[in-house]
Amino acid sequence: KIPIILDGDPGHDDAIAWMLANASPLLDIRAVTSVCGNQTIEKTTYNALRIMTLIGLRAPMARGRTGPLVSEPIVAPTVHGKSGLDGPDLPEPAFEPLEMSAVELMAKVLSESAEPVTLVPTGPLTNVAALLLAHPELKSKIREISLMGGGIHHGNWTPAAEFNILVDPEAADLVFRSGIPIIMAGLDVTEQALVFPEDFERIRALGNPVATVVAEWLDFFYGFHRAKGYPGAPVHDAVAVAALIAPEILTIEELYVEVETQGDYCRGATVADYYRLHDHKPNARVILGIDRAAFVDLLAEAAKSYGEV
Ligand code: BDR
Ligand code: CA
């Protein structure tokens with residue numbers, strides 16, 4: 001099993017990514033940490049606990065910082081609602097976060113693990129960067145970072161920047177320069193990771209409580225995207241998990257990626273040397289394509305594993 005830490009700002013697609021990870025026999029979820037992004041840290045932490053309660057994930061959980069490394073938080077209520085996870089009713093948390101911070105919990109898991117651990121950040125990279133700043137000695141305990149963020153051809157929160165990177169570009173810059181192997185699920189692939197309305201019905205028909213909630217999360221999440229002309233819901237964050245459990249459904253290219261932290265128009269952009277114009281060694285395995293049908297099968301199978309009805 002691959003030991004992992006889930007770090008996210010749930011968020012509908014974070015929630016579905018965690019449902020997928022928790023269902024996989026290939027992954028060992030050692031901890032869950034919250035980060036502020038889609039909503040404030042109070043809301044994303046509460047949502048994380050509600051999701052974990054719903055899917056029966058009882059890993060140690062800790063709350064992240066209240067804001068990005070240097071800039072002010074940006075939240076996304078237009079996409080995820082006022083709560084950060086609007087839509088279906090969810091169970092109240094069955095447990096509380098630990099007293100320690102997200103960074104302390106990550107450091108504890110890494111230092112206690114006999115083998116290197118994979119980080120799966122699906123929100124801004126604030127916690128991961130803060131971890132590297134506070135514990136540079138633990139870098140070798142991180143096997144790789146499979147992240148959702150960026151886009152080598154376009155942005156979604158500004159023309160140039162994707163939301164997770166835009167919220168904390170300084171953190172992302174630190175992570176991309178860290179030398180730790182990176183798998184990047186950016187918009188190039190995640191906007192192909194579309195779940196169509198007929199797929200929602202397939203998941204809803206599974207009938208178990210998790211599948212029902214997943215279908216309702218998709219209904220809500222699709223609302224924003226439908227208005228923008230998408231034919232389905234791009235379940236961005238689940239691609240970062242798929243990269244670990246089903247790499248065969250992805251097309252991946254090794255590229256050198258830098259994060260723009262300045263600029264009038266491009267702060268938060270991930271700039272990839274697609275044509276290898278410089279002789280930098282690639283620092284990221286950038287996912288560029290996905291077998292959409294296989295991705296939907298993966299999600300549906302995961303939802304099914306929560307119970308036959
Ligand atoms: C990313 O932003 C968030 O709204 C989603 O959860 C995803 O992580 C997509 O740009
Ligand atoms: Ca997210």
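In helix α12, the residues F295, V296, L298, L299, A302 and A303 are buried (20 or more other C-beta atoms, placed from the backbone, lie within 10 Å of a residue's own; 12 or fewer makes it exposed, and anything in between partly exposed). They sit on the same side of α12, because they cover an arc of only 155° around the axis, the arc being that of the directions from the helix axis to the C-beta atoms. Please keep in mind that this is a predicted model, in which local features need pLDDT of at least 70 and side-chain atom pairs count only at pLDDT 80 or more, while totals for chains, interfaces and linings use all residues. Residues are numbered from 1 along each chain as its sequence is written, and chains are lettered from A and ligands numbered from 1 in the order in which they are written.

**Confidence**
- The chain has a mean pLDDT of 98, and 100% of its residues reach 70 or more; pLDDT is the predictor's confidence in each residue, from 0 to 100.
- The scores for the model are ipTM 0.99 and pTM 0.98.

**Helix α12**
- This helix runs over residues 292-304, 13 residues in total, and spans 18 Å from its first C-alpha to its last, close to the expected 18 Å (1.5 Å times one less than the number of residues).
- Helices (H or I, at least four residues) and strands (E, at least two) are DSSP runs, numbered from the N terminus.
- The packing partners of the buried residues of α12 include α1, α9 (197-204), α10 (209-227) and β12 (284-290); contact means C-beta atoms, placed from the backbone, within 7 Å.

**Around ligand 1**
- There are 15 residues around ligand 1, and G11, D13, F163, H236 and D237 come nearest; near means a C-beta atom, placed from the backbone, within 6 Å.
- Both α1 (12-23) and α6 (163-167) supply at least two residues of this shell.
- By type, the shell has four nonpolar, seven polar and four charged residues (Ala, Val, Leu, Ile, Met, Phe, Trp, Tyr, Cys and Pro count as nonpolar, Asp, Glu, Lys and Arg as charged, and the others, Gly among them, as polar).
- G11 lies in the loop between β1 (2-8) and α1, and a cis peptide bond with omega of about -15° joins P10 to G11.

- R276, in the loop between β11 (270-272) and β12, has a positive phi of about 50° although it is not a glycine.
- R276 is exposed because 11 other C-beta atoms lie within 10 Å.
- P181 belongs to the loop between α7 (169-176) and β6 (182-185), and P181 counts as partly exposed because it has 14 C-beta neighbours inside 10 Å.

Conventions: Two residues are in contact if their C-beta atoms, placed from the backbone, lie within 7 Å.
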